[in-house]
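Here is a short briefing on one protein model. Look over the sequence and the structure, then read the points below.

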Amino acid sequence: MVIKTESDLTPAVLAVMNRTEDPRLREILVAMVKHLHAFVREVRLTEVEFREATAMLNEIGKLHTDHHNEFVLMAGSLGVSSLVCLLNNGDRGQTETSQSLLGPFWRLNSPRVENGGSIIRSETPGTPLFVHAKVVDRDGKPIAGAEVDVWHASPVGLYENQDPDQAEMNLRGKFMTDEQGRFWFRTVKMVGYPIPVDGVVGRLLKAQGRHPYRPAHLHALIFKHGYKTLISQVFDPSDPNIDSDVQFGVTAALTGDFIRHEEPHPTEADIPGPWFSLDYTYVMEPGEAVLPRPPIK
């Protein structure tokens with residue numbers, strides 16, 4: 001089609017998109033073109049702004065490494081990751097869900113740990129934390145034999161892949177739920193931390209006057225055939241940034257009760273106090289058990 005005016009352009013592009021054979025891909029492409037063209041018209045995007053935008057996308061791609069995923073950071077910082085999560089879980093956004101963001105720091109092949117063991121693999125100063133968790137279905141029945149991958153940042157606010165002072169796979173571990181759907185382990189209490197700000201996302205946050213912090217949280221990825229893979233984060237409600245997570249990931253269902261104890265631990269003689277405990281129940285939904293693509297190696 002020969003384009004005569006700008007009003008001819010969108011129908012011409014949509015006509016091509018509508019020839020896509022796969023019905024779901026056709027639906028996505030048609031909607032994407034409609035919204036992209038409407039956005040350009042609404043803001044009357046200039047040529048300079050368009051060139052800057054495409055350069056920014058190119059830069060985001062170049063920033064990706066085995067240890068960093070700028071696209072995931074950007075999606076979270078714009079609220080897109082949380083929106084996709086909430087629309088696809090909890091009866092399509094109608095009810096609370098244990099599902100959350102994968103984030104940019106999950107790794108495959110974390111070490112197996114027996115229930116009651118520790119995921120601390122190098123000297124990691126911090127207040128001891130004892131996690132006791134349960135995995136159930138939507139009816140509250142325990143799910144035995146579920147594989148639970150956990151990971152979190154250190155008390156200095158860094159994941160082990162970001163920090164040369166931490167041992168490989170420090171503060172990461174993989175557990176199996178028992179017949180009552182339980183798993184439990186020892187670690188150190190995590191703190192909130194800033195996301196990386198030396199790239200495109202950092203410039204965006206600065207331009208918006210936003211801080212880069214995530215509130216303290218514990219990650220978990222739970223895998224069991226017959227259930228949709230559960231990706232979850234449990235947040236500490238006492239964190240000062242609990243109401244302003246830079247990645248928009250905090251929901252009421254994902255806040256845990258991190259209880260501080262001043263007395264000696266009842267079973268661990270090396271813990272005179274203080275120490276923290278966290279009890280939490282993860283709820284899995286029926287579905288397909290598929291592992292996500294790891295954002296880093």
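The axes of helix α4 (residues 70-77) and helix α7 come within 9 Å and cross at roughly 25°. The two helices are therefore roughly parallel, the word for angles under 35 degrees. This is a predicted model: local features need pLDDT of at least 70, side-chain atom pairs count only at pLDDT 80 or more, and totals for chains, interfaces and linings use all residues. Residues are numbered from 1 along each chain as its sequence is written, and side-chain values use heavy atoms, with hydrogens and water left out.

**The helix pair**
- Two packed helices are described by the angle between their axes and the distance between the axes.
- Axes are lines fitted to C-alpha atoms, for helices over the stretch in contact, and angles run from 0 to 180 degrees between N-to-C directions.

**Pro 212**
- Pro 212 sits in the loop between α7 (200-208) and β6 (213-214).
- Helices (H or I, at least four residues) and strands (E, at least two) are DSSP runs, numbered from the N terminus.
- Glu 179 is 33 residues from Pro 212 along the chain, and their C-alpha atoms are separated by 41 Å.

**Leu 9**
- Leu 9 belongs to helix α1 (residues 6-17).
- Leu 9 is partly exposed, with a relative accessible area of 39%, which falls between the limits of under 20% for buried and over 50% for exposed.

Key:
Buried < 20%, exposed > 50% of the residue type's maximum accessible area, 1.4 Å probe, protein only. Parallel < 35°, antiparallel > 145°, perpendicular 65-115°, else oblique.
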